[in-house]
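Colleague: Before we go through the assignments, could you show me the model and then tell me what stands behind each label?

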Amino acid sequence: MDLSLTIGRGGKQELLLRNPVLTASGTLSNGIEFARRFDIDALGGVISKGTTLRPRRGNPQPRTVETPAGMINSIGFQNVGVGALIRDLAPAWARWDTPVLVNIMGDTVREFGRLAERLEGVPGVAGLEVNVSCPNVEVGGMEFGQDCDLTAEVVAEVRRSTTLPFAVKLTPSVTDIRPFAEVCEQAGADALSLINTVPATAIDIERRRPAIATIFGGLSGPAIKPIALRSVYLAASVTSLPIIASGGVMGGRDAVEFLMAGASAVQVGTATFTDPAAPWRVLDELREWCEAEGVGRLDEIVGAARRRD
């Protein structure tokens with residue numbers, strides 16, 4: 001059974017994933033601790049915590065809360081900064097067979113470019129995930145990913161700054177995701193990551209206060225799966241870029257749904273909070289389903305729900 005796929009085909013560098021199951025940014029930290037207990041090289045790929053130019057302490061506690069069919073988080077991009085990542089984390093990644101994509105976030109268009117430049121040629125860094133679902137301080141805090149022109153600027157800046165293959169992580173907080181998928185392809189992206197968390201909040205009725213210190217956070221888990229499926233289906237209708245889907249992948253059948261909607265790979269994130277082995281279980285269940293259905297190659301099911309007989 002061949003479940004492999006290539007991202008960045010035809011570009012300056014290509015990224016081969018041996019299978020379509022990756023970890024989602026932030027939920028597996030940077031993978032180092034999990035690699036001590038699980039076979040990290042069995043996965044298709046690992047996506048790092050969101051990384052900025054300088055270290056960030058993140059938001060005050062409480063910054064996570066469980067909700068029906070999911071969780072809300074407002075971590076605040078806590079991370080060690082790109083310098084420490086290159087010095088302390090990348091050498092460990094370089095010893096793995098599974099590729100690591102570094103999720104990068106900038107406050108300005110130029111910061112995205114600088115991060116891409118810093119990571120160019122670093123052993124252990126196989127690609128990037130460009131998170132445009134973060135505020136642009138130059139335009140009053142609007143998310144880059146809520147404006148097509150700003151999204152295109154970021155993608156073009158990263159493309160000029162690196163030969164690494166990269167995916168663009170888009171926000172669901174737009175009226176129509178299709179124009180954003182199109183501008184990402186036109187500006188030079190190699191893939192799309194769909195979707196980021198959905199803005200949400202929760203109330204602690206005993207305290208009579210918001211359950212999250214920052215009031216609002218990002219909802220993830222099974223609750224957003226139908227939203228993510230819709231986004232993948234729509235984006236796949238206007239772009240030929242590989243789509244890495246995320247949002248409620250709890251088991252192998254969820255992965256199959258996303259693949260049939262048009263994704264080429266999936267990310268497992270929130271599921272790891274209740275089952276640290278979830279990415280490996282999803283992969284096993286996906287393989288079992290493919291064997292039971294006589295599926296020999298990934299492209300036999302990618303986009304299957306979009307086809308018309």
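Modeller: Helices (H or I, at least four residues) and strands (E, at least two) are DSSP runs, numbered from the N terminus, and glycine 296 lies in the segment after one of them, α8 (278-293). This is a predicted model, in which local features need pLDDT of at least 70 and side-chain atom pairs count only at pLDDT 80 or more, while totals for chains, interfaces and linings use all residues. Residues are numbered from 1 along each chain as its sequence is written, and side-chain values use heavy atoms, with hydrogens and water left out.

Colleague: Why is glycine 296 called partly exposed?

Modeller: Buried means under 20% relative accessible area and exposed over 50%, with partly exposed in between (1.4 Å probe, protein chains only); glycine 296 has 29% relative accessibility, so it counts as partly exposed.

Colleague: Which residues does glycine 296 touch, not counting those up to four places away in sequence?

Modeller: With contact taken as heavy atoms within 4.5 Å, glycine 296 touches Met1 and Asp2. The C-alpha atoms of glycine 296 and aspartate 2 are separated by 6.1 Å, although the two are 294 residues apart along the chain.

Colleague: What makes α6 roughly parallel to α7?

Modeller: Axes are lines fitted to C-alpha atoms, for helices over the stretch in contact, and angles run from 0 to 180 degrees between N-to-C directions. Angles under 35 degrees count as roughly parallel, over 145 as roughly antiparallel, 65 to 115 as roughly perpendicular and the rest as oblique. Helix α6 (residues 225-236) and helix α7 (residues 252-261) pack at about 25°, with axes 8 Å apart, and α6 is therefore roughly parallel to α7.
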